Amino acid sequence: MTETAPPPIITVSNLIKQFGRFAALRGVTAEFSAGKLYAILGDNGAGKTTLLRTLAGLNRPSHGQITILGESKFHDICHEVGYMAHPSLLYDEMSGMENLEYFARLYGIAGNSRCAEVIRAVGLDPDLLRPVGQYSQGMRQRMSLARALLNDPRILLLDEPFSNVDLHSAKEMVRLLARARDNGRTVIIVTHQGSLLEGAADEFVWMEFGKIVERTRGLTRGLKK
Amino acid sequence: MSAPAAVTRVTLLKDLRLEWRSKDAINSMLFFSLLVVVVFSFSFDPSAEESRQIAGGLIWVAFLFAAVVALNQTWAREIRNQVLDAYRVSPAPSNSLFIAKTLGNFIFVTVLEALMTPLFIVFYRLRSIGPVWQLLLVVMVGTWALVVNGTFFAAMSLRTRSREIMLPLLLFPTSIPALLAMVQATTSILSGESAHFWIVLLVTYDLVFTTVCLLLFETVLNAE
């Protein structure tokens, strides 16, 4: 029996993103399927974060097109996307639960049971009253992941989710993301820590100078480099 | 899906909670206004009639400068940790954010005015000849004129490198008609003259600028 590839959930065609005269993305064309975990790797300045921000609707493409779940307008499918950036996207003066309660309301989620559920899922305590500003960097990263998971999105876009997280917690986060993938979610992770995703990622996407240069099943190319 | 009114309410409550905890805006505004009151009271020694003539200008200029401090703070919170991006990727309507921020600033500036007005009355021996309720009306529509434009221009200057300078540069020229109406209305009421024309002008200004800001805010929010 032959394995049929799932249909693409995200299609990117000839995507160019320019900031003034500098082209951060130089004609990216790619497809990402449902129920897969992708790791986007590359050197600093390769265009990984710009690609992720453009997928998340935060950057407008200068040229080319992005289709997510069959829609080209991000606002039409934004409730299906969870986005985690390198900064925490959380208010330092509020506790984790207060932050998540606020963001839950933006998605029309009432009550705080979902907030408590995702906080527990990332290994934190929902009753922790300390403001996020007093969290360690690793705790902040995990709370930021909880915020991205809040709306139970079909697509997760994560920028450096493991930076400043200890190895044990990072592996826990990888297991959580692999479970999300197994439940049919599409997970796209921009990272410099590709080795953490070996065995979990379905595909490694390599970027250089604003282009996708290779897609591999393992980290082989990275090791050669 | 999130209802616009519900998002406005939770965003406003969140802003009030953040301000209650940090007191960044209120403290800076109070300190600045207090300095203006004290410095001017030492600089001039006006009679009761002279006070009535200059108080309108003095009060509103002090509030305008103080409001700029609050307006800068409002958005500074949103770009720390790039929290604004979390709002932008959510299905929440852009205008709910704008209305919540404007209402928040309106509350902060109104609190400042409530605290500072008694001091102005004492330091400048002010006594209104005209009806006080008209003064209250001028304060309400005048404050709205300041904060609606201020909130919008503060959002516009959010991503500029020198936003503290950019905001007054954009806000002050646009606020001249409103400021003129506020000063003239206040002076007229204090002196017992009719302020009807100036109040109508202020209300018209509020309606026009609130509509324009609501129409343009989404573009400003998503500008790169």
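A residue is buried if 20 or more other C-beta atoms lie within 10 Å of its own, exposed if 12 or fewer, and partly exposed in between. The exercises below use a predicted model.

**Exercise 1.** Decide whether F209(A) is buried, exposed or partly exposed, and do likewise for E160(A).

Solution. 
- Step 1. Locate F209(A): the residue sits in the loop between strand 8 (203-208) and strand 9 (211-216) of chain A.
- Step 2. Check its backbone: F209(A) is not a glycine, yet has a positive phi of about 45 degrees.
- Step 3. Apply the count. F209(A) has 14 other C-beta atoms within 10 Å and is therefore partly exposed.
- Step 4. Locate E160(A): the loop between strand 6 (155-159) and helix 6 (167-182) of chain A holds this residue. E160(A) is also not a glycine, and its phi is positive, about 50 degrees.
- Step 5. Apply the count again. E160(A) has 20 C-beta neighbours inside 10 Å, so E160(A) counts as buried.

**Exercise 2.** Describe how helix 3 of chain A packs against helix 5 of chain A.

Solution. 
- Step 1. Read the values. For helix 3 (residues 96-106) and helix 5 (residues 137-149) of chain A, the angle is about 25 degrees and the axes are 10 Å apart.
- Step 2. Classify the angle. Angles under 35 degrees count as roughly parallel, so helix 3 of chain A is roughly parallel to helix 5 of chain A.
- Step 3. List the contact residues. Helix 3 of chain A supplies G96(A), N99(A), L100(A) and F103(A), and helix 5 of chain A supplies M143(A), A146(A) and R147(A).
- Step 4. Sort the residues of this contact: four are nonpolar, two polar and one charged.

**Exercise 3.** Describe the packing of helix 6 of chain B with helix 7 of chain B.

Solution. 
- Step 1. Helix 6 (residues 132-156) and helix 7 (residues 163-191) of chain B pack at about 180 degrees, and their axes are 9 Å apart.
- Step 2. Angles over 145 degrees count as roughly antiparallel, so helix 6 and helix 7 of chain B are roughly antiparallel to each other.
- Step 3. Residues of helix 6 of chain B in this contact include L135(B), G142(B) and F153(B); those of helix 7 of chain B include L170(B), A178(B) and I189(B).
- Step 4. The contact divides into 14 nonpolar residues, seven polar and no charged.

**Exercise 4.** Characterise the fold of chain B and the side of chain B that touches chain A.

Solution. 
- Step 1. Chain B has eight helices and zero strands, in the order α-α-α-α-α-α-α-α along the sequence.
- Step 2. The radius of gyration of chain B is 18 Å, close to the 17 Å from the globule rule for 224 residues, so chain B is as compact as a globular protein of that length.
- Step 3. The C-alpha trace of chain B spans about 55 × 35 × 30 Å along its principal axes, and 46% of the 224 residues count as buried.
- Step 4. The contact between the chains takes 22 residues from chain B and 24 residues from chain A.
- Step 5. On the chain B side, helix 1 (4-22) and helix 4 (83-88) are the elements giving two or more residues. Helix 1 of chain B gives the most, with seven residues.
- Step 6. The residues on this side comprise eleven nonpolar, five polar and six charged.

Note on methods. Residues are numbered from 1 along each chain as its sequence is written. Chains are lettered from A and ligands numbered from 1 in the order in which they are written. This is a predicted model: local features need pLDDT of at least 70, side-chain atom pairs count only at pLDDT 80 or more; totals for chains, interfaces and linings use all residues. Two residues are in contact if their C-beta atoms, placed from the backbone, lie within 7 Å. Helices (H or I, at least four residues) and strands (E, at least two) are DSSP runs, numbered from the N terminus. Ala, Val, Leu, Ile, Met, Phe, Trp, Tyr, Cys and Pro count as nonpolar, Asp, Glu, Lys and Arg as charged, and the others, Gly among them, as polar. The radius of gyration is taken over C-alpha atoms; the globule rule is 2.2 Å times the number of residues to the power 0.38. Axes are lines fitted to C-alpha atoms, for helices over the stretch in contact, and angles run from 0 to 180 degrees between N-to-C directions. Angles under 35 degrees count as roughly parallel, over 145 as roughly antiparallel, 65 to 115 as roughly perpendicular and the rest as oblique.
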